[in-house]
Amino acid sequence: MAPPPAVLVAANRARAHLIVVGDPLQLAPVCKFKENQVKLWLGRDIFQHGGYTLEQADSATHHSVLLPYQGRMDSAICDLIRGPVYKGRLKDRDPHKLRPKIGPELEYPVVLYDTSRAERSRAEQPASKSSRFNRYHAEISVHLAQLVLESMPELSRKPECIGIVTPYAAHRELLKDLVRGTDLEILARIGTVHAFQGLEFDALIFDLVESPGLAIAPFLKGGWGSEAMRLMNVAVTRARHKLLIVANMEYIRAEPEHFM
């Protein structure tokens, strides 16, 4: 997420060699300016500016190399992005590693909670008309976090061992209101996907919010290489052992450009 000017300032300290390490398939720098020239320099990562591709890194060309092994996630979690994002090039360092079984549905590292049949699953906007939230989803996400916490051994219950991530700031604030005064206020971290890049959690609840009531936001649309792909990649890969997804799948799949 480092803007290219910041990378260039750091690179200027190099006397002989410069090595840039990062993942151009995760989120780019945040840029709220609309001007094209400003977005060109502040809203793109250094890999985009250099024209580096996944194929070039895999073949060790264009002065780049791919680091293909990951050790954070359970293999089942990695499978969600292994093909759709990394085109089969991402491998597990230790696919048979024993991992703790936590949360509901103990035997499954990934569980989808589909709210398609729930009439209460509706997206709303706050009075400011910016961002969005879903009360039904928020209640489910907090309940799932509580179930995860109850299943964890006492020694594993550390501050921010659980993550609840969402694309929307308004939904983040609703989630924080729901956990206020409970153990989850300390033991769970709640935030947007952009704020979660670089973090990891034993268990993660990913709440997509999108449901009837509002059209799906433009930044959640698009195929490979889109912001939607990068956002989904960051969101699901924050989990080490358990990933719980709360989504209205019928509504999302009705959108022809969804990346799911």
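Select Thr-53 to begin: at 33% relative accessibility, this residue counts as partly exposed. The model is predicted, so treat what follows as a tour of a computed structure. Thr-53 sits in the loop that runs between helix H3 (46–50) and H4. Show its side chain together with the backbone of Gln-56: a polar atom of the Thr-53 side chain lies 3.0 Å from the backbone nitrogen of Gln-56.

Next, select Ser-64, in the loop between helix H4 (54–58) and E1. Is Ser-64 buried or exposed? With a relative accessible area of 17%, Ser-64 is buried, because the cut-off for buried is under 20%. Leaving aside neighbours within four places in sequence, Ser-64 is in contact with Tyr-52, Gln-56 and Ala-57. Show the backbone of Thr-61 as well: its oxygen lies 2.7 Å from a polar atom of the Ser-64 side chain.

Move on to Gln-26, in the loop between H1 and helix H2 (36–42). Gln-26 has a relative accessible area of 14% and is buried. Which residues does Gln-26 touch, not counting those up to four places away in sequence? They are Tyr-86, Gln-197, Arg-230, Asn-233, Val-234, Thr-237 and Arg-238.

Now select helix H5 (residues 75–82) and colour Ser-75, Ile-77, Cys-78, Ile-81 and Arg-82, which are buried. Turn the view to look down the axis of H5: the buried residues fall within an arc of 150°, so they line one face of the helix. To see what covers these residues, display strand E1 (69–70), strand E2 (91–92), strand E3 (110–114), helix H10 (227–236) and strand E7 (239–247), which are included in the cover. At the N-terminal end of H5, pick Asp-74, which caps the helix. A side-chain oxygen of Asp-74 lies 2.9 Å from the backbone nitrogen of Ala-76.

For the last stop, go to the surface and select Leu-8, Phe-33, Trp-41 and Leu-42. These residues form a nonpolar patch, with about 400 Å² of accessible area together. Leu-8 counts as partly exposed, at 48% relative accessibility.

Methods:
Residues are numbered from 1 along each chain as its sequence is written. This is a predicted model: local features need pLDDT of at least 70, side-chain atom pairs count only at pLDDT 80 or more; totals for chains, interfaces and linings use all residues. Side-chain values use heavy atoms; hydrogens and water are left out. Patches are made of residues with over 30% relative accessible area and no salt bridge: like charges are joined within 9 Å, nonpolar side chains (Val, Leu, Ile, Met, Phe, Trp, Tyr) within 5 Å. Accessible areas come from the Shrake-Rupley method with a 1.4 Å probe; for residues, only the protein chains shown count as cover. A salt bridge is a side-chain nitrogen of Lys or Arg within 4 Å of a carboxyl oxygen of Asp or Glu. Buried means under 20% relative accessible area, exposed over 50%, partly exposed in between (1.4 Å probe, protein chains only). Helices (H or I, at least four residues) and strands (E, at least two) are DSSP runs, numbered from the N terminus. The arc is that of the directions from the helix axis to the C-beta atoms. Contact means heavy atoms within 4.5 Å. A polar contact is a pair of N or O atoms within 3.5 Å; within protein, one must be able to donate a hydrogen and the other to accept it, and residues adjacent in sequence count only if both atoms are side-chain atoms.
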